[in-house]
Amino acid sequence: MVGDWRRRPVGRERQVESQVPWSGTIGTRIEAMATTSRRTCVGTTLTEISETEQRIQANGITSRLGCRVNNNGYAKAHPANGHPRFIRESKDEKENRTYPIKLSKYNESFEKVPFITAALTHFGFYILMFLGFINQLLFTPNVAKERKRKGYAPLYENFEQFYLRYVYRRVRDCWNRPICSVPGATVVLKDRTTNDYGWTFEFTGTETKCINLGSYNYLGFAESTGPCAEESIRTLKKFGCSSCSSRLELGSMPIHNELEQLTARFLGVEDAIVFGMGFATNTLNLPSLVSAGSLVLSDEKNHASVILGLRLSGAIIRVFKHNNVKHLEDCLKKAILLGQQNTGEPWKKIIIVVEGIYSMEGSIVHLPEILKLKKKYKAYLYLDEAHSTGAIGKRGRGICDYYDVDPREVDILMGTFTKSFGSAGGYIAGTKVANILRNKHKNTAVHLFNSAFLQTLINYLRVHSHAHSYAMSMSPPIAQQIITSMKIIAGEDGTDAGKKRTKQLARNTRYFRRKLNQIGVITYGNENSPVVPMLVYLFSKIGSVVRTLTTRNIATVGVGFPATPLMEGRIRFCLSAAHTKEQLDYVLKNIEDISGTLGLKYSNKPRDPNPIEYYSDSETE
Ligand SMILES: Cc1ncc(COP(=O)(O)O)c(C=O)c1O
């Protein structure tokens, strides 16, 4: 595609183009356009952006008078504009495209894997695959096989079958581990054993109590006693488990309205809508907001629920490099300049989709810079706060609180109640954003109806969201757990218990991350992120670390290919306000111990020779 710009993509090429980030510099692209196309479009708002764009405008492609501008600030070329002569962005201009904020809030580390480890990881993986093939050839397993039906293609993917049976099976005991307690600071694992190398498991009848670093219990609200549990039990007795209906029909209870008002107040926006499942909040609402003709710029590390929702929407998806604001800006510029890929028509809307804290990377979104971009280019911003709401920010209100940004600047705030609130479900919250809806049902009865009565994002979703109309409403005791925990975090219960929890989490996070760095292991992400990925690289090491830590009564989660790049196998620690310093010290002592024997001290960063302090209240402010 990059080589021959004039040739329009066909068939699969079109799909591929919609999925991969664009390559090549904007300058070369613009020059190519100049020689080939009269359908060039430039946004008038671009003229306010940088010198480069002013030069583009000066070339006479477009002017404020000669353009039709749509909501994204994208304008169609005036037919009288003639052939433009674009100018390449100079080296100086490129270098001067700075993003000024360098705060401790951006203090992130993604240390490169040492070359020898990279080579060994690849080599180790290929040996596993090779042994797997031999195994498959020589020892046919006594497991269910897909029957070969004449004339039918296999229903299941062969490679997946192979991978699950001969590669993943070797470490299968490290995943899907049944638990039989509340996932609090400690968790009880149900012990299993295998007598056939991981094909099947049997319960031994024993249990193992472990320090829990695997659950997303950031603020420690996963509890079976205390105010949340007590009030949920009271609500259960009053309303039962389920409304047995969707919100649109007979499933709306006062508790849902109470939760929505509380959520909006908590987040500092006008309104909110809640759903019974966090995953479905993304998957079923994104298709209500974007559709064919819309462009989505999606961070490459976005969660599976976001990806699925975007695919369902039919919008064109372009992926930008993780947290890379420069790349995002390039994608925005190109999108606005070129318009829709087949027709050159303006995009109906452009929406940027990011997460607050990325759960596999431990990184935090560069929100202030992305907000600047979204305003500059008149794009919308969808922020998934599944891991950040409650867990970060001085008042535990999430990413906007963390950066001290007005939450009303984010068009669509999404989050889940499964992590910091120890419950289930998700929300979408926002303020009046009528524009995003304008083009969806343009010139239809729905559009007229909307513009007359339903000018807010949330009201729109109350009508159009499949999760609201067709899925069961949130279970009342689940809603109560969120209400009680949210009130505690916000201090609406009249105590400072919530504040103590957010501070404790911040303190545990800093302490744990700094101690790990001192040990010499590589960790990814932001120093304020309670998700802490520790890189172990090799597939076999994921298994060894998880197993060894379990024998020492520490429960963690390993993550490897295909959930991460092949090279980047890791152990993911999730910190909680419920953890005590003694528990963290015990875990750290064991990590130090096994990182010597298993060779996990990959880091080349200088280590702090001084003892790491467990922060006081004032330092975590
Ligand atoms: C970023 C993100 N969004 C959405 C979800 C889905 O939420 P839930 O697990 O509450 O269904 C997750 C799950 O971990 C997530 O990490």
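Biologist: How many bridges join β16 to strand β17, and in which sense do the two run?

Modeller: Three bridges join β16 to β17 (residues 569-574), and the two strands run antiparallel. Strands here are DSSP E runs of at least two residues and helices are H or I runs of at least four, numbered from the N terminus; two strands pair if DSSP finds at least two bridges between them. Please note that this is a predicted model, in which local features need pLDDT of at least 70 and side-chain atom pairs count only at pLDDT 80 or more, while totals for chains, interfaces and linings use all residues. Residues are numbered from 1 along each chain as its sequence is written.

Biologist: Which residue of β17 is the bridge partner of V557?

Modeller: V557 has R572 as its bridge partner in β17.

Biologist: What is the strand order of the open sheet there?

Modeller: The order is β14-β17-β16, with antiparallel pairing. β14 (531-537) and β16 (557-559) are the edge strands, each pairing on one side only. On average, neighbouring strands of this sheet are turned by 30° against each other, direction ignored. Angles run from 0 to 180 degrees between N-to-C directions, and axes are lines fitted to C-alpha atoms, for helices over the stretch in contact.

Biologist: And what is the order in the sheet of seven strands?

Modeller: That open sheet runs β6-β12-β11-β10-β9-β7-β8, and its pairing is mixed. Its edges are β6 (271-275) and β8 (316-320). Here neighbouring strands are turned by 20° on average, direction ignored. Within the sheet, β10 (residues 380-384) and β11 (residues 412-416) pair in the parallel sense over three bridges, and Y382 has I412 as its bridge partner in β11.

Biologist: Which helix lies across β9 and β10?

Modeller: Helix α12 (residues 367-376) does, running at about 150° to β10. Helix α16 (residues 457-464) lies across β6, β11 and β12 (426-430), at about 30° to β6. Contact between residues requires C-beta atoms, placed from the backbone, to lie within 7 Å.

Biologist: Changing topic, which residues come nearest to the ligand?

Modeller: G278, F279, H303, A386 and T418 come nearest, out of 14 residues around the ligand. A residue is near if its C-beta atom, placed from the backbone, lies within 6 Å. Helix α9 (residues 278-289) supplies the largest share of the shell, three residues.

Biologist: How does the shell divide by residue class?

Modeller: Three are nonpolar, nine polar and two charged. Ala, Val, Leu, Ile, Met, Phe, Trp, Tyr, Cys and Pro count as nonpolar, Asp, Glu, Lys and Arg as charged, and the others, Gly among them, as polar.

Biologist: At what angle do α9 and α10 pack?

Modeller: The angle between α9 and helix α10 (residues 304-313) is about 25°, with the axes 7 Å apart. The two are therefore roughly parallel, a term for angles under 35 degrees; over 145 is roughly antiparallel, 65 to 115 roughly perpendicular and the rest oblique. The contact residues include F279 and L286 of α9 and V306 and L310 of α10. This contact divides into eight nonpolar, six polar and no charged residues.

Biologist: What about α8 and α18: how far apart are their axes?

Modeller: Helix α8 (residues 254-267) and helix α18 (residues 476-490) have axes 10 Å apart and pack at about 30°. That makes α8 roughly parallel to α18. Among the contact residues are L259 and L262 of α8 and I483 and M486 of α18. The contact comprises 10 nonpolar, two polar and one charged residue.

Terms used:
Two residues are in contact if their C-beta atoms, placed from the backbone, lie within 7 Å.
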